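Could you walk me through this fold in plain words? I'd like the overall layout, the sheets, the turns and the core.

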Amino acid sequence: MRLKLGQTEDMPQGSTALVVEGRTYLVTREGDLFYVLDGVCTHRGGDLSRGRIEGGTVRCPRHGAVFDLRNGELKGQVRIPLIGKASALRSYPSWEEDGWLFIEV
Ligand code: FES
C-alpha cells in the first residue's frame, strides 16, 4: 500500500520528522533523493524525531542507539548493555510523483 507523506517542496534538505496517520517517519533529503525510515526506535520505542542528527546518523534520545539515516542500519548499539539491544530501523521504498513524496508501507 502506498502512503502519501507530503509535498516535496515543503521538505528541507537534511532530515526532518513527519507524522502521517499517527505514525512518525524520518525523512532525509539529499538534493532530489529521499530516504524514509520509521521514526520509532527498535529498542524501546524512543522518539527519534527528538534524536540528535549528526554525520548522516540519528542517535536515540533514550539510550543512545545510532542509526544510519539512509538505510536504517544500526551504527551504534544501546549504551547500557544490560537493557537489551536495538536492531535496524525499517526503511521504506520512496518515490516522488507530481511533487508529492510517497512510500510503500
Ligand atoms: S529506546 Fe532507543 S536506544 Fe533505547
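This is a predicted model: local features need pLDDT of at least 70, side-chain atom pairs count only at pLDDT 80 or more; totals for chains, interfaces and linings use all residues.

**Overall layout**

The chain has 0 helices and 11 strands. Here helices (H or I, at least four residues) and strands (E, at least two) are DSSP runs, numbered from the N terminus. Reading along the sequence gives β-β-β-β-β-β-β-β-β-β-β. The radius of gyration is 14 Å, close to the 13 Å from the globule rule for 105 residues, so the chain is as compact as a globular protein of that length. That radius is taken over C-alpha atoms, and the globule rule is 2.2 Å times the number of residues to the power 0.38. Along its principal axes, the C-alpha trace spans about 50 × 25 × 20 Å.

Buried residues account for 26% of the 105 residues. A residue is buried if 20 or more other C-beta atoms lie within 10 Å of its own, exposed if 12 or fewer, and partly exposed in between, with C-beta atoms placed from the backbone. Of the contacts between residues at least 6 apart in sequence, 32% join residues at least 24 apart. Contact means that the two C-beta atoms, placed from the backbone, lie within 7 Å.

**The sheet with β2 and β3**

An open sheet of 4 strands runs in the order β2-β3-β4-β9, with antiparallel pairing. Its edges are β2 and β9 (91-92), each with a single partner strand, so one side of each has no neighbour in the sheet. Strands count as paired if DSSP finds at least two bridges between them. β2 and β3 are joined in the antiparallel sense over 7 bridges.

β7 (residues 66-68) and β8 run antiparallel and share 2 bridges, with F67 opposite L74 in β8.

**Two hairpin turns**

β10 and β11 run antiparallel and are joined by 4 bridges, and W95 stands opposite F102 in β11. These strands form a hairpin with 2 residues between them, and the hairpin of β2 and β3 also has 2 residues between its strands. Each turn holds a residue worth a look:

| Residue | Loop | Phi | Other C-beta atoms within 10 Å |
|---|---|---|---|
| D98 | between β10 (94-97) and β11 (100-104) | about 50 degrees | 7 |

Why mention those phi values? Most residues other than glycine have a negative phi.

**The core**

Which residues have the most contacts inside the largest nonpolar core? They are Y25, L26, L37 and A65, in a core of 19 residues. A nonpolar core is a set of buried Ala, Val, Leu, Ile, Met, Phe, Trp, Tyr and Cys residues joined through C-beta atoms within 7 Å. β3, β4 (33-38), β7 and β11 each supply at least two residues of this core, and β3 gives the most, with 3 residues.

Leaving aside neighbours within four places in sequence, L26 is in contact with S15, A17, L37, G39, L48, V58 and L69.

With 13 C-beta neighbours inside 10 Å, E30 counts as partly exposed. The C-alpha atoms of E30 and V105 are separated by 22 Å, and the two residues are 75 residues apart along the chain.

Notes: Residues are numbered from 1 along each chain as its sequence is written.
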